[in-house]
Amino acid sequence: MKLKIFADFLMLAVLLILMPYSLIGEKPHEVLGVAMFALFVLHQILNRNWYKSLTSGKFNRDRILTVAVNFLILILMILQTASGVLLSNYLFVFDFYEGIGTARLIHLAVSYWLFILVAVHLGFHFKFLKTQLKIKSVTPLKILAGAVSIYGIYAFINRKLLDYMFLKSEFVFLDFSENVAFVIADFLAILILFSCVGYKIKN
């Protein structure tokens with residue numbers, strides 16, 4: 001169980017660092033992308049019993065939502081990995097030119113959808129995390145999460161995530177003079193915001 005939690009938090013950390021990709025450099029982004037996929041595969045292996053349980057029990061609203069989000073994340077991760085491999089200039093080099101523009105757009109849009117859905121997924125499982133981390137009082141966490149979420153709304157709008165998710169903008173515009181830590185902090189606030197959304201949906 002400790003391995004599951006450690007792997008999941010490591011995956012979240014890698015995901016946050018991946019988001020400001022142009023500020024960390026293309027090669028580190030590719031390396032982290034491979035690490036992210038490896039951690040995702042490990043997550044599936046460690047949670048393989050969940051797949052085995054799909055054929056048993058009743059499907060109520062909460063279970064349908066969980067299954068839908070989980071499979072959307074799985075599909076998006078496959079798309080993200082495949083498009084990332086095709087776009088690679090360092091770790092995977094292919095003479096692939098036809099459709100490269102489509103792969104870039106897929107990689108762009110999917111990255112933000114994946115980020116949001118992972119945050120919602122995290123919120124779905126807050127009670128499990130609370131139990132495993134032996135958190136007795138959630139009131140301070142709720143107050144902190146609520147405060148951070150307010151800023152997360154601002155960061156979500158300011159970072160124009162909707163434009164990228166729906167490809168209203170086909171390029172990500174980042175200020176290269178901006179400290180990468182501040183960008184990651186913005187995405188952390190957005191992650192917490194949508195984790196709260198996920199928690200509210202299930203509770």
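Me: What is the relative accessible area of Leu167, and which class does that give?
Reply: Leu167 has a relative accessible area of 30%. Buried means under 20%, exposed means over 50%, and partly exposed lies in between (1.4 Å probe, protein chains only). So Leu167 is partly exposed.

Me: What kind of model is this?
Reply: Residues are numbered from 1 along each chain as its sequence is written, and side-chain values use heavy atoms, with hydrogens and water left out. Local features need pLDDT of at least 70, side-chain atom pairs count only at pLDDT 80 or more, and totals for chains, interfaces and linings use all residues, since the model is predicted.

Me: Where is Leu167 found?
Reply: Leu167 is not a glycine, yet its phi is positive, about 55 degrees. Helices (H or I, at least four residues) are DSSP runs, numbered from the N terminus. Leu167 is found in the loop between α9 and α10.

Me: Which elements do the buried residues of α8 pack against?
Reply: α8 has 20 residues and reaches 29 Å from first to last C-alpha, close to the 28 Å expected. Its buried residues are Ala145, Ser149, Gly152, Ala155 and Phe156. With contact meaning heavy atoms within 4.5 Å, they pack against α6, α9 and α10.

Me: What span should helix α10 have?
Reply: α10 covers residues 180–202, 23 residues in total. The expected span is 1.5 Å times one less than the number of residues.

Me: Which residue caps the N-terminal end of α10?
Reply: A side-chain oxygen lies 2.8 Å from the backbone nitrogen of Ala181. That oxygen belongs to Asn179.

Me: Is Asp186 buried or exposed?
Reply: Asp186 is found in helix α10. Its relative accessibility is 5%. Asp186 therefore counts as buried.

Me: Which side chain makes a polar contact with the side chain of Asp186?
Reply: A polar contact is a pair of N or O atoms within 3.5 Å; within protein, one must be able to donate a hydrogen and the other to accept it, and residues adjacent in sequence count only if both atoms are side-chain atoms. Beyond four places in sequence, Asp186 touches Tyr151, Ala155 and Arg159. The polar contact, at 2.5 Å, is with Tyr151.

Me: Which residues is Phe176 in contact with, leaving aside neighbours within four places in sequence?
Reply: Phe176 sits in the loop between α9 and α10. It is exposed, with a relative accessible area of 61%. Its contacts are Ser22 and Leu23.

Me: Which helix gives the most to the lining of the largest pocket?
Reply: A pocket is an open set of points on a 1 Å grid over the protein atoms alone where a 1.4 Å probe fits, with protein on both sides within 12 Å along at least five of seven lines; lining residues have an atom within 4 Å of a point. Here 29 residues line the largest pocket, with His29, Gln80, Gly84, Leu87 and His107 nearest its centre. α1 (2–18), α3 (26–46), α5 (61–87) and α6 (100–124) each supply at least two lining residues. The top contributor, with seven residues, is α3.
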